Amino acid sequence: MQADPAAPRPTIAVVHMREGALTEERETTIERVRELRERGGTTWVAVAGLGDVEVLRQLGEVFSLHRLALEDVAHTHQRPKLEDYPEHQFLVLRVLDPTHPGETEQLCMFLGDDFVLTFEEHRGDCFDPVRHRLRDPSSRIRRNGVDYLAYALMDAIVDAYFPAMEALGDRLEAVEESVVAGTAPAAVVRELHEARRELLVARRALWPLREVMAGLMRADSARVTTETRVYLRDVYDHVVQLLDLLENYRELGASLTELHLASASIRLNEVMKVLTMIATIFIPLTFVVGVYGMNFKHMPELTWRYGYPAVLLVMLGIALGMLMWFRRRGWL
Amino acid sequence: MQADPAAPRPTIAVVHMREGALTEERETTIERVRELRERGGTTWVAVAGLGDVEVLRQLGEVFSLHRLALEDVAHTHQRPKLEDYPEHQFLVLRVLDPTHPGETEQLCMFLGDDFVLTFEEHRGDCFDPVRHRLRDPSSRIRRNGVDYLAYALMDAIVDAYFPAMEALGDRLEAVEESVVAGTAPAAVVRELHEARRELLVARRALWPLREVMAGLMRADSARVTTETRVYLRDVYDHVVQLLDLLENYRELGASLTELHLASASIRLNEVMKVLTMIATIFIPLTFVVGVYGMNFKHMPELTWRYGYPAVLLVMLGIALGMLMWFRRRGWL
Amino acid sequence: MQADPAAPRPTIAVVHMREGALTEERETTIERVRELRERGGTTWVAVAGLGDVEVLRQLGEVFSLHRLALEDVAHTHQRPKLEDYPEHQFLVLRVLDPTHPGETEQLCMFLGDDFVLTFEEHRGDCFDPVRHRLRDPSSRIRRNGVDYLAYALMDAIVDAYFPAMEALGDRLEAVEESVVAGTAPAAVVRELHEARRELLVARRALWPLREVMAGLMRADSARVTTETRVYLRDVYDHVVQLLDLLENYRELGASLTELHLASASIRLNEVMKVLTMIATIFIPLTFVVGVYGMNFKHMPELTWRYGYPAVLLVMLGIALGMLMWFRRRGWL
Amino acid sequence: MQADPAAPRPTIAVVHMREGALTEERETTIERVRELRERGGTTWVAVAGLGDVEVLRQLGEVFSLHRLALEDVAHTHQRPKLEDYPEHQFLVLRVLDPTHPGETEQLCMFLGDDFVLTFEEHRGDCFDPVRHRLRDPSSRIRRNGVDYLAYALMDAIVDAYFPAMEALGDRLEAVEESVVAGTAPAAVVRELHEARRELLVARRALWPLREVMAGLMRADSARVTTETRVYLRDVYDHVVQLLDLLENYRELGASLTELHLASASIRLNEVMKVLTMIATIFIPLTFVVGVYGMNFKHMPELTWRYGYPAVLLVMLGIALGMLMWFRRRGWL
Amino acid sequence: MQADPAAPRPTIAVVHMREGALTEERETTIERVRELRERGGTTWVAVAGLGDVEVLRQLGEVFSLHRLALEDVAHTHQRPKLEDYPEHQFLVLRVLDPTHPGETEQLCMFLGDDFVLTFEEHRGDCFDPVRHRLRDPSSRIRRNGVDYLAYALMDAIVDAYFPAMEALGDRLEAVEESVVAGTAPAAVVRELHEARRELLVARRALWPLREVMAGLMRADSARVTTETRVYLRDVYDHVVQLLDLLENYRELGASLTELHLASASIRLNEVMKVLTMIATIFIPLTFVVGVYGMNFKHMPELTWRYGYPAVLLVMLGIALGMLMWFRRRGWL
């Protein structure tokens, strides 16, 4: 079990609920967590930063977490999954990284009989809406059990994808407008490539998340009540909707890339055709004037009275004839 | 639960059937709805416009609708789905938006033991055929139960896709004719892109709708009679047929895009080849006339008696030789 | 229930078998059909032409056909399907339209306990082999029941696809030969597009037909005997084989399109390269001769004794140098 | 039941094993086959050539073969399949045709309680290894039953694909080397197309063969012992491995086609760019020399003492300026 | 059963554990293996090098290995699979070949009640971490049974893929940077092709490995304890994660190839457009100067006082006019 030395030192936040009373501490110690848990009630421990293996080890001891699950917490490139262990459910999720757009960070969650543990790579704020609702004594989250709390946390994670997806959608629509109008710069290909990368990253996070939510809904566990399952179905629906959006954007992006390349190629071909035709008309004419620029002693035409205008007329005739021929073949 | 402030204020229409008597009111109040329902019989409430959250809340109270389902009504970007709640089935469907071609609006339906509720984003008229049939006292829709009414509404929704799909098919066939004839303008790529977008939108609406209809046919619920299930199979068939059409148009569109690009590129290449050959023949000739345009004192050819016609003959020979060489290599 | 007004007036043909006796009437009336059926035995009614809704209605009454199935008969753009109704099995099939190559027409079949009904859009002749076999008193089709008759009809429908597929295969092979030989004209792209369209049409008819045959083989119905199921498996195999052929032709067509475009582009590129090189060699030479065509008073070279041959030699050197450079860079 | 008149006259070979005694006859008659079979023991009849329907009919009588299966033997374009009949299992397989590379011929097999019948289109030799092993009295094939004999025959058929696949792989690797080295001739596209065709043919034969082998392994039949099933799994593995190879070659072929086209296009573009630049530098220079080739009476520069060298310098400057501009824009 | 004569002579290493005691011998004989096994406890025999068929045969006798499995060991182009035999499970795996990057070698494993046998093609070192852990008396691998040992070996094999995948990812990212920056050389297409090949090789090894791990987890065998199954799930997860990475790299590679070709083509088109425009402007001008270079006796303009400057002005006008026309049509 190794930890990324570059990761920041962990901070431990705890929320403890018992008989309507709420204790919230933003930076606390493992000792305090152990003490709160022993009082009974529901405990939510949120660890931000994975820089200290010792913290993981001690929390694992307090809550009897499985060795393999703890190892997964420390390795931050997992794909989302749900694993049943006798003492707890273990979930790996991925959230969009607010500081590195287009990347995700790992978020692990342990769901036990009376506790929820969350581990984030960096100090994030995607749980702030949940904390806010917890402070309202009349809120549903205070009355329902630990499974509802876990639902609320997952809901917050999934909802955080929507603004990012909408921003991506707006960018794609702006690109579409410029591509359809034919004013897209060459860099638009690069932008579409970046959009595609972001879609790939989001899909890697969301596709297995669908399985995770489905697994949790179907879980053969007393820990998740029937009522909470209805709410989990709602989160599941959101994930499916996000995947639907992703798929849509992917197809739109592919179609735009094709359209842009096709338009660019057709437009360039138009340009080349016109330019080549100009060149083609003048090349025979230039040959003709070259002929009468030769310095042969004996060139009867040169001494004709109307040689010069005659040649000009002949050249005009050649030019018009070529234009007509181009038009007849449909090149103009 | 938020509502789109830009959405129009809702109007509530109600149809109430009891022992053969029909009450139809195009604009009514929630109080009146509550009163009609308490009389027994079958009630269909059609809400058009989602601009007022209060209306949703009150209707939810009258018919005991589930909180999560009501939230889905207010969020108008859902994908079609079917959800079983104890008190009712909840369906999200999507209809083609008559005012914005190529977009869909959300249509939600609650199917209870004695009521059907429909929520549309805007004042639509896709249910007019159903209203018309309801006014005929001898029609099947008056005799059968609430599930048959729900079937009739869904049938009307699905049937409304056919004219739009046929219009799209006609456009694609027009495009095909021009592409095959080689007279398609450059903008045809753009038109094919738009057709592809419309197909995407329709597919997003219809693909999950298939699942919804299949789910309703198989639903383990006493609310849907065996007879109605036969009718639902018919709607299911229509959805499958629409998807089949979509798939067909998608393939046709892809094939046309390819054909157009291939034809355009082949035609342009023909043009470029001919033009380049003209240029290529004249370039050596222009060089030759340039040679005899040099002003060297000592150029014996210039003083020859037949220098000029000889050079003309030589150039004719060069031109013919190049043409023959082109032909031999199959470039002509 | 509407009927296509452009469809021809229906003709009704009937075949009635009872205790070895065969009655065959090519144009008969519904009254006669009713009379024959009441005698007992097996009745096959073949309706060609859907121009009269009344005929459908009356036949529906005689044989107790389901309303929804009759509606499907009248709508001629159904995809193949199999539907179980209490009184009969209902099949929608599609046959290749002999008068419009590359299109299919709808063929509906009702299979009851003692009758088979077939409805064709136009007067077709794909059942003629079956009629022929029926006239032979010793044939299996006379001895076996109504399900075997239905099998024989379906077999005839599926077998009618083979010649069309073989013709398409022959056309593709001719295209392949010309493409591989490099002699394919530009119109070959169009021909491949048409082949692709025909494949699409055939696939739309055959893909769901496979499901229909599989459904009939597995059907939980006493109407289909175990022996006939073996024969249906044979029809199923033919459908799978046709789909296999289609898939093969589709891949071949795609590969040929690619090969043709690639060959055309490579060949054109060869042409352009050679031509451009000719131009490129002469352009510097033309510049040189232009230099000595200038009319400056003071150009010492012009008066040199061997200026002219020297310049010719220099130009020869330039030309050879460029050719060597081209060759060294592998462009020649 | 028709037979291909072009097919060669059949020869009948028989192998008969009983209590350790082996009778092998390379060309025999149906009468002799009937006689051998009546002695008991295991009989393997190998028919090569399908030119005589009568042979099929008589063998069908001797071994009670099903009419539909016999028809399938006579139609030589079947795809591989396995069919259970009460009296025997019937298999259609396809072997690579040694005389027509890139094509397959049909091989049918009947597996009864005490006999194996094989029907080949032409006189083939793919069973020679099996015959060889049969002649060794201590070999497993002599001790085990008729199902093991059938396994040995199928194993020989599948093994015969490996050398062909390896040859194809070698050809593709040679193509790859030349494509990566950039020395591939234009004909390489054609060769890749042919490889693709051969892969298609092999896949058509092998893909359904996988199903056949799986079906035989799972067959609910006492004819195949548990021990032989283990051996069949081995054949199944070989088929899967062949399909894996095919898929690999298909991807490799596609990648090579792309790489070749991309390389060719990039190389050509390089050529065109350099050539066009040469032309572009000389075109303005040619214009300049043209200016001083004009015959105006009053052109002061022409009489300047250093007019000529000045113009040469100016042109040198233009050429260098353009080169620098090209370089600055990254075109060089 | 043949062996590759080019394969090195096998070395046999044995590890024997019994009641906490560990015997490890790096090069031993089959006799010694037989002796150790007869003592009871757990035996792991690791054979490296397949050059001697006799070794296989004798080991097969000592551990009662199945003939077909032994044949598979000798044929080194198997795809990963899991086969249940009565006496043992047999696994074929593939490891990355350290000496030939981009290729895999076969690794076979037999898992019996009290033994693990591994066969490698060459002397590999991917099991060194396991040997290291075995030497620590307190390690889990010493306490758990033979199935845990097998897990540890498989884990080592799968983990060895990660560094290779990461190296590939780094190379792709470097390629991406250069492609996006537009500085990628032409050879980048070749590099992307090589990456694609390596991905193909890895996928061929990993895709069936997933099935193998899933099969082992579900295996209906007392040989694998419930605890070890949890660990196997971990290996399974790693394989899925590797496949996810592969898929990602595949999509990235495809996107990069497209982007590179599109950028190259767009950039080249830009170049060609500018160059062609330069040529196009000068071609009419060159024609004009050619006209006044003609040697006609009677060309009035030549004698005009301001003929020369007038022509220069006219040419300037033509050049500016063409530039303006280009700009108006959006070509500049």
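This is a predicted model: local features need pLDDT of at least 70, side-chain atom pairs count only at pLDDT 80 or more; totals for chains, interfaces and linings use all residues.
Reader: How many salt bridges does the rule find across the interface of chain D and chain C?
Author: Residues are numbered from 1 along each chain as its sequence is written, and chains are lettered from A and ligands numbered from 1 in the order in which they are written. A salt bridge is a side-chain nitrogen of Lys or Arg within 4 Å of a carboxyl oxygen of Asp or Glu. Between chain D and chain C, the number that the rule finds is 7.

Reader: Which residue of chain C meets D:Arg203 in a salt bridge?
Author: Look for the side chain of D:Arg203, where a salt bridge has an N to O distance of 2.9 Å. The partner in chain C is C:Glu251.

Reader: What is the area buried between chain D and chain C?
Author: Contact (heavy atoms within 4.5 Å) takes 46 residues from chain D and 47 residues from chain C. Buried area is the accessible area (1.4 Å probe) that two parts lose on being put together, summed over both. Carbon and sulfur atoms give 63% of an area of about 4,600 Å².

Reader: Which element gives the most to the side of chain D that touches chain C?
Author: Chain D and chain C have 17 residue pairs in polar contact, both residues being at pLDDT 80 or more. Elements of chain D that give two or more residues to this side include helix 8 (188-218), helix 9 (226-291) and strand 4 (81-84); helices (H or I, at least four residues) and strands (E, at least two) are DSSP runs, numbered from the N terminus. With 13 residues, the one that gives the most is helix 9 of chain D.

Reader: How many nonpolar residues does the side of chain D that touches chain C have?
Author: Ala, Val, Leu, Ile, Met, Phe, Trp, Tyr, Cys and Pro count as nonpolar, Asp, Glu, Lys and Arg as charged, and the others, Gly among them, as polar. This side has 10 polar and 13 charged residues, and its nonpolar residues number 23.

Reader: Is B:Glu83 buried or exposed?
Author: B:Glu83 sits in strand 4 (residues 81-84) of chain B. Buried means under 20% relative accessible area, exposed over 50%, and partly exposed in between (1.4 Å probe, protein chains only). Because its relative accessibility is 3%, B:Glu83 counts as buried.

Reader: Which side chain makes a polar contact of 2.8 Å with that of B:Glu83?
Author: A polar contact is a pair of N or O atoms within 3.5 Å; within protein, one must be able to donate a hydrogen and the other to accept it, and residues adjacent in sequence count only if both atoms are side-chain atoms. The side chain of B:Glu83 has such a contact with that of B:Lys81, at 3.4 Å. At 2.8 Å, the partner is B:Tyr85.

Reader: How many disulfides does the structure hold?
Author: A disulfide is a pair of cysteine sulfur atoms within 2.5 Å. Over all chains, the count is 0.

Reader: Which cysteine sulfur is nearest to A:Cys126?
Author: A:Cys126 is in no disulfide, and 13 Å away is the nearest cysteine sulfur, that of A:Cys108.
A:Cys126 itself is buried, as its relative accessible area is 18%.

Reader: Where is A:Ser64?
Author: A:Ser64 is not a glycine, yet its phi is positive, near 55°. Its relative accessible area is 42%, so A:Ser64 is partly exposed. Its place is in chain A, in the loop between helix 2 (53-63) and helix 3 (67-74).

Definitions and conventions:
Side-chain values use heavy atoms; hydrogens and water are left out.
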